[in-house]
Amino acid sequence: MRRPSLKEVRGFLAEGVRQLVEMPLYSAGIAAYRCGVKVAAFNNPKARLLDEGQKEIWGRLDRSISPEDRYVWIHAASLGEFEQGRPLIEKIKRERPELKVLLTFFSPSGYEVRKDYPGADCVCYLPFDTPSQVKKFLYKVNPEIAVFVKYEFWRNYLHELWRRQIPVYLISAVFRADQFFFKKRSAWYGQWLRWYTRIFVQDENSRRLLEKINVTNVEVAGDTRFDRVTDIMAGCREIPELDAFVGKRGSKGRAPLVMMFGSSWEADEMVYSDWLRERHNVKAVIAPHEFDAERLRKLKDIVPGETVLMSELRENPLAGEGKRVLIMDCFGLLSSAYAYADVAYIGGGFGVSIHNINEAAVYGIPVMFGPENSKFIEAQELKTLGGGIEISGSDSFRRNADRMLYDVTEREQRGRWAGEYIHEKIGATEKIFKKIFL
């Protein structure tokens, strides 16, 4: 047997010391965060949902998990990551029916919307990433395979899965040079990535970045969201309230034109509200990212007297007469609602980051969005192709919205570019499924 070199011995020792220091500090930070959630739960509704959901985990698992079952565990941080993971979940259920699926969320915005998702055999929150919780969870579930979606780097889960030799995959991942993995002071985080059995990235740039830090368990497979939005389009739902408000979907010569504001935040409304008040020949549909009674009241005040809630239309189909702004005070219909639009504005780009622009682009319409979009490959590529338009502020919105709505030739051309781009990107789910399960 070859004796290890002095350099290798030093490397083993350094790694051992790092593990002894890193794991307790990381776990202490997670435990402190858990305490912070408990305190915040007294005043913050989201924290309260997370705190209550954490208490329900073990009861849900006891009711759902049997030692005889073979589970694939899929974790999505929130709703957006769920939509990326969903095509893989549904393919597993179609082609490997002997396997059951456990779906976990960390964010209430994902769990509360999809806790009854029928494609999974069990849905619950992810227990906090402390050593005791991790071991208890993995002992209870004993998954054959674990799949994390896009940005999930839970240190203790990854290490324990690796230690137990349970294959763990990261899908639809994107890496950027400004992430902590690639900084000199925190380069040791790169070890976490080596605990994945395979990392499926969206683009070649991500693969090259990982190669620079000697992470080679990587494959470029694309983004499963493209498969998801094409599935959504194929099964697009009729929405009677929108049929009544803007006219039948796809009807010829429909007037007036329709602007869709999807996943809208207050920062977005500050950009487009003045324009909307002035454009009397345009109908608008606003789907706020989140809402309560106060939020809906403010939205109705954007165009006073000319706004109706979708819930009001459901109660009284005549409530939309004389109105030109519809507010979708419901969840689950946005992806189908884009089919009714001539142009879409996707919110979030004047906050942390834009929401899903693919859901709109798949219908072959131009998509507009704010400047916080650098983390999204599809935004950069759509801007380059012309199917996506970045908005820098109110004047920029006004100028581009008018051009898209009133220049028929340009609107249709940009819409074609957007639709073609989406359809050229499908296929990531098939690639990933074959590598993991076949």
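Entry 1, residue S107. I located S107 in the loop that links β2 (100-105) to α4 (108-114). I note that the model is predicted. Is S107 buried or exposed? I found a relative accessible area of 18%; because the cut-off for buried is under 20%, S107 counts as buried.

Entry 2, strand β4. I examined β4 (residues 145-149) for burial and found 5 of its 5 residues buried. In a regular strand, side chains alternate between the two faces of the sheet.

Which strands pair with β4? I recorded β1 (residues 71-76), parallel to β4 and joined to it by 4 bridges; here I74 has V147 as its bridge partner. I also recorded β5 (residues 168-173), parallel to β4 over 4 bridges, with L170 as the bridge partner of F148. I followed the chain from β4 through helix α6 (residues 155-163) to β5 and noted a right-handed β-α-β crossover.

I looked up the packing of α9 (residues 225-234) with α18 (residues 408-424): the angle is about 115 degrees and the axes are 9 Å apart. From α9, F226, V229, T230 and M233 meet Y421, I422 and H423 of α18. I classed the residues of this contact as 5 nonpolar and 2 polar, with no charged residues.

Definitions and conventions: Residues numbered from 1 in each chain as written. Predicted model: local features only at pLDDT ≥ 70, side-chain atom pairs only at ≥ 80, totals over all residues. Heavy atoms only, no water. Buried < 20%, exposed > 50% of the residue type's maximum accessible area, 1.4 Å probe, protein only. Axes fitted to C-alpha atoms, helices over the stretch in contact; angles between N-to-C directions. Contact = heavy atoms within 4.5 Å. Nonpolar A, V, L, I, M, F, W, Y, C, P; charged D, E, K, R; others polar. Pairing = 2+ DSSP bridges. Right-handed = clockwise from strand over helix to strand, strands pointing away.
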